[in-house]
Protein chains: 2
Amino acid sequence: MASRAGRNKAAMSQPGGSDASQIGAVTMQTVARMAGVSAMTVSRALKSDASVSQETRERVLEIVRQVGYVPDATARVFATRRSGFIAALVPSLNNSNFSDTVHGMSEAFDAAGLQMLLGDTEYSLSREEDLIRAFLQRRPEAIVLTGGAHSEGTRKLLRSADIPIVETWDLPKEPLGDVVGFSNEEAGAAIVRHLHARGRRRIGFVGGKSSFDTRGSQRRAGFKKAARALGIPGDRVVLAGHSPVSMTQGPEALAAMLARWPDVDAIVCVSDLSAFGALAECQRRGIAVPERIAIAGFGDFEVARCCHPRLTTVAFDCAGIGRKAAEAALAALEARARNEIRAPATVRIPFRVVAGETA
Amino acid sequence: MASRAGRNKAAMSQPGGSDASQIGAVTMQTVARMAGVSAMTVSRALKSDASVSQETRERVLEIVRQVGYVPDATARVFATRRSGFIAALVPSLNNSNFSDTVHGMSEAFDAAGLQMLLGDTEYSLSREEDLIRAFLQRRPEAIVLTGGAHSEGTRKLLRSADIPIVETWDLPKEPLGDVVGFSNEEAGAAIVRHLHARGRRRIGFVGGKSSFDTRGSQRRAGFKKAARALGIPGDRVVLAGHSPVSMTQGPEALAAMLARWPDVDAIVCVSDLSAFGALAECQRRGIAVPERIAIAGFGDFEVARCCHPRLTTVAFDCAGIGRKAAEAALAALEARARNEIRAPATVRIPFRVVAGETA
DNA sequence: TCCGGCTATGTTATCGATCACATTGCGCAG
DNA sequence: CTGCGCAATGTGATCGATAACATAGCCGGA
């Protein structure tokens, strides 16, 4: 077996090669003995700021390299009572908006020497709670959530966790801590006003059925509110398929919309993905976009910028949400470390309507 | 401050409410004292199989609920010498092929009670090494990698880690352990043969520049090999942009291809994303697809199935790769637990050309 | 009656690093 | 020459759970 062979090879000393022993078999004690110092000195030598003589440090580091010593984070966590983990939950990893956010977050946390425990709630409140319960056992130093809708069990867990909490992508009414997001309702309203300004009067909305996708339902609420305010019908709503919203829902939704309201002259989709699906279906059916029907989406996905004609959409800085969420978490941790009081803050991320060629 | 208020509230007992104390403040000892038993009994009560009387177990679990006790995984890891972690690395999380694989993996590992430490190498060998170095400090029980190209430092680290290793998405020449993948070279050849069978003779290839994206370069190698075998030119290659390959590279690549080889009658793109970008650019320029130029991609992304006309592509079961990779890792762990010998295996994932409307 | 064998539970040591405190040795001012 | 102060290093306790072993109490058969 490969691994066993590896272990044997590691145990032998090889001429001229720095030869790594099995990770886990070599502890700080081992290194200490080989260097003729105490474990504490090894520990200090591995920190950059601790007071160790130059000579000792070099000797220790050389041995660390030779034996391939890898520190045991578990022991460090246990001793320092700091896990070095940040828990982060998104509804779906398979959505470039959220994975951009994750990416932005991970850059900031990486720089702070923190590792992310990443979880995918699959748009389910109970799965969110299960994930949080599992993650809390690892004692994360902070937690970043998507949205402001959580189960009562989740809220209770988070209250007793007593760690900084950041909610993203939404502006919750009763935030659990910091917030980095935008009003999806306003975004929904903005796109309706955009279509109205371009002469559309019979506008429909296509969303998903999931009740946990509060961002989707708020966009829908914004659609209705703006339609009423503009004096145009706001009841032309089709809900197709469950979250996560995908391109395949577009054709189905378009069919339902045209069947019920054949005179529809614009369709707002809850996501660029379904908007693109609807656009492609229009092309398939020979429906002229935007002449006969205008189409708009949300999210400024890459497909919106690349497809032909380009999708009109609502853009926001997804990676920026992640970065700012991480910054909020780090600020909260910093304040705690200094034993300072810090009131949770809300960072509003701007959004803007990007006029494409479909509306 | 919310958290401080939470802490105070937690310290007070509330009438009629099960009131969670601060996580971390309550240990197994606390629960044990309240239940009038030893910590060991609490530990046993929390396991389903250990021998504790029904009555004691219920009493302990009731107190656990009341005080909101959350076990400390760090201490458990320390005591049991099992981290419960699996390290998993993908080149990019923002790619639905890989996030499907992650999803498939996480289902299998979840079921086994293992948590994933997820890392994004950003198509960089040195970042892969850094991530592995960081992850190994957490003592993962196994590690799943993407591809077979790794730095020498990575190989050394993995050798001494002495844990099961699974490489995915490729068929490495010198595997580090189990393999779950397919031959990207054969996939590249297959799509060329498909185009040839449909009468195309002047086929170009569009790829990315990254050298770490071995899947991309193997598809290219397959393209060349098949072209030679069929007696058609295999030198019509355009490399545009760095990995990750994206839709935006399509237009640029198409332009370069047409400038250099104006008579090209088919384009194979290294990914559906750039293929879609090229398709949209053709539509913009009024180039008939597939009449004037055929287009094919790889990956069977959702956009390939939804766009109009539908993309011809090469499909493989991405989630299945993840599931099977997890199964391989679990099998290896199982064998180790039983102290059995188990030779690493290679699982070949089938792929197939999906004829769309673009070729 | 006694003891083997079982169930339910307790006791002690342990995992590997780090913290707080103790100690050594040396240079230098008084 | 003495002793202060600093730099470099060592010592012992500690974090929370669990493995391994020990023990108490009970039942039933010889």
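Helix 5 of chain A gives the most to the surface near DNA strand C, contributing 5 residues. Please keep in mind as you look around that this is a predicted model.

**The DNA-facing surfaces.** Around DNA strand C there are 23 residues, and the ones that come nearest are Thr27(A), Met28(A), Ser43(A), Ala75(A) and Ala79(A). Both chains take part: helix 2 (28–35), helix 3 (39–46) and helix 5 (73–80) of chain A, along with helix 3 (39–46) and helix 5 (73–80) of chain B, each supply at least two residues of this surface.

Turn to DNA strand D and you will find 23 residues surrounding it, with Thr27(B), Met28(B), Ser43(B), Ala75(B) and Ala79(B) closest. Here helix 2 (28–35), helix 3 and helix 5 of chain B, as well as helix 3 and helix 5 of chain A, each supply at least two residues. The largest share, 5 residues, comes from helix 5 of chain B.

**How the chains meet.** In the contact between the two proteins, 60 residues of chain B touch 60 residues of chain A. On the chain B side, the elements that give two or more residues include helix 1 (2–11), helix 5, helix 6 (96–111), strand 2 (115–120) and helix 7 (125–136). Helix 6 of chain B has the largest share of that side, with 6 residues. By class, the side of chain B that touches chain A divides into 26 nonpolar, 23 polar and 11 charged residues.

Chain B superposes on chain A by a rotation of 180° with 0.0 Å of shift along its axis, at an RMSD of 0.0 Å. That is the relation of a two-fold axis. The same surface serves both copies, as 98% of the contact residues of chain B recur in chain A.

**Chain A as a whole.** Chain A holds 14 helices and 12 strands. Its C-alpha atoms fill a box of roughly 85 × 50 × 35 Å along the principal axes. The radius of gyration of chain A is 27 Å, whereas a compact globule of 359 residues would have one near 21 Å. Of the 359 residues, 52% count as buried. Among contacts in chain A between residues at least 6 apart in sequence, 70% join residues at least 24 apart.

Helix 10 of chain A runs over residues 214–230, and at 1.5 Å a residue its 17 residues should span 24 Å; the end C-alpha atoms are 24 Å apart, so the two agree. Its buried residues, including Arg215(A), Arg219(A), Phe223(A) and Ala227(A), pack against helix 9 (184–197), strand 6 (203–207), strand 7 (237–239) and strand 8 (266–269) of chain A. Just after this helix, Gly231(A) takes a positive phi of about 75°.

Helix 11 of chain A (residues 249–260) has 12 residues and reaches 17 Å from its first C-alpha to its last, close to the 16 Å expected. Gln249(A), Gly250(A), Pro251(A), Ala253(A), Leu254(A) and Met257(A) are buried in this helix. The buried residues of helix 11 pack against strand 6, strand 7, strand 8 and helix 12 (272–285) of chain A, together with helix 13 of chain B.

Technical notes
Residues numbered from 1 in each chain as written. Chains lettered and ligands numbered in written order. Predicted model: local features only at pLDDT ≥ 70, side-chain atom pairs only at ≥ 80, totals over all residues. Helix = DSSP H or I, 4+ residues; strand = E, 2+ residues; numbered from the N terminus. Expected span 1.5 Å × (residues − 1). Buried ≥ 20, exposed ≤ 12 C-beta atoms within 10 Å, placed from the backbone. Contact = placed C-beta atoms within 7 Å. Near = placed C-beta within 6 Å. Nonpolar A, V, L, I, M, F, W, Y, C, P; charged D, E, K, R; others polar. Least-squares fit on C-alpha atoms with pLDDT ≥ 70 in both. Rg over C-alpha atoms; globule rule 2.2 N^0.38 Å.
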